[in-house]
Amino acid sequence: MVRFAVVLSIIMSLYWLTLSFYFEPLIMGFGVASVLFTVGLCYRMRILDAETVPYLHMPTTLAYFRWLFVEVVKANFAVVKAVLRPDMEISPTLLTVPTPQTSDIGKTMFANSITLTPGTVSMDIGEDGILVHALLSEMANADDFKEMGERSGWSVGEETSL
Amino acid sequence: MAADKAHGTQSVGVDIPWDAVLDWGLALASSGLILSGVFFVLAGALGVLRMPDFFTRMHAAGMTDTLGAEFILFGLILQTGFSQMTLKLLLVAFFLFLTSPTATHAIANAALKSGLKPQLGTYKAPDLSQIEGSSNEADSDKAGGH
């Protein structure tokens, strides 16, 4: 609990400094007060846990975002090609992708990554996995999502085979 | 200019104006990034117009969210140089990366829950040469059905 409060205070202070960039005592005082108020509010709402404060895994999350960005660029070109083709041949497909992640935040990360990659959108999350709508049938292969699934679990600190 | 020339004759090697090269390089890189961002935004808009149903249109709109917005933001970061503004723009890019898929998922989920069935199977755009008459008449035929 204390650890999450400290981490949240540090992150909020950095965030506040980035946005304000004023170093006068009065404004800094306002910043400190609002950070303390926010952390106090989180404590009262009992949401000071790993889900609200996911910053302890920041390095792996950022590394994952770098990998994801490359995937997003690749998928963008596939979709641009499909859109700009004169006959625009597409083959919308539905499929269910299993979620190997153990934590809720890992599942969220995975579903968000699927949506972020153009050509695939996660439509529904159930017990047996994520319902995915794919623009092209060659994007609808459950095996292709395995690597992304493992990496997104790893990015929020889950144990995976990676 | 005159001072430059005099300086050039005195030095032995070729005088490369590194400041100007850097300025030009930065300007070229940033305008290249912004232009490719604009390309993806335009392609996304075209896709929204061309795609057959709601769910496929969402894929096209997703392109605008990701590469379009991110490329434009990276171009703007190069424009500003390194300052506090760089950090702010990076934050904007980061939040777009988090929030746009959440919004897209919310819309898709709402459409699915309210019973909209996605159109599946292969789809091809109608061939323009097979539509008789001018495109204006074809449009009014479809709209009015007279």
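In this predicted model, helix α4 of chain B (residues 84-113) lies across β2 and β3 of chain A and runs at about 65° to β2(A). Helices (H or I, at least four residues) and strands (E, at least two) are DSSP runs numbered from the N terminus, and axes are lines fitted to C-alpha atoms, for helices over the stretch in contact, with angles running from 0 to 180 degrees between N-to-C directions. Residues are numbered from 1 along each chain as its sequence is written, while chains are lettered from A and ligands numbered from 1 in the order in which they are written. Local features need pLDDT of at least 70 and side-chain atom pairs count only at pLDDT 80 or more, whereas totals for chains, interfaces and linings use all residues.

The strands β2 and β3 of chain A belong to an open sheet of three strands, ordered β1-β3-β2, in which the pairing is antiparallel; two strands pair if DSSP finds at least two bridges between them. The edge strands of this sheet are β1 and β2 of chain A, each of which pairs on one side only, and neighbouring strands are turned by 25° against each other on average, direction ignored. Between β2(A) and β3(A) (residues 129-134), which run antiparallel, there are six bridges, and A:G126 stands opposite A:G129 in β3(A).

The contact between the chains, in which two residues are counted if their C-beta atoms, placed from the backbone, lie within 7 Å, takes 31 residues from chain A and 34 residues from chain B. On the side of chain A, the elements that give two or more residues are α1 (2-20), α3 (58-84), β1 (93-97), α4 (104-116) and β2 (120-126), and α3(A) gives the most, with eight residues. This side of chain A divides into 19 nonpolar, nine polar and three charged residues, where Ala, Val, Leu, Ile, Met, Phe, Trp, Tyr, Cys and Pro count as nonpolar, Asp, Glu, Lys and Arg as charged, and the others, Gly among them, as polar.

Helix α3(A) packs against α3(B) (residues 54-80) at an angle of about 140°, with the axes 10 Å apart. The two helices are therefore oblique to each other, given that angles under 35 degrees count as roughly parallel, over 145 as roughly antiparallel, 65 to 115 as roughly perpendicular and the rest as oblique. In this pair, A:V72, A:V73, A:N76, A:V79, A:V80 and A:V83 of α3(A) meet B:H59, B:A60, B:M63, B:T66 and B:L67 of α3(B), and the residues of this contact divide into eight nonpolar, three polar and no charged.
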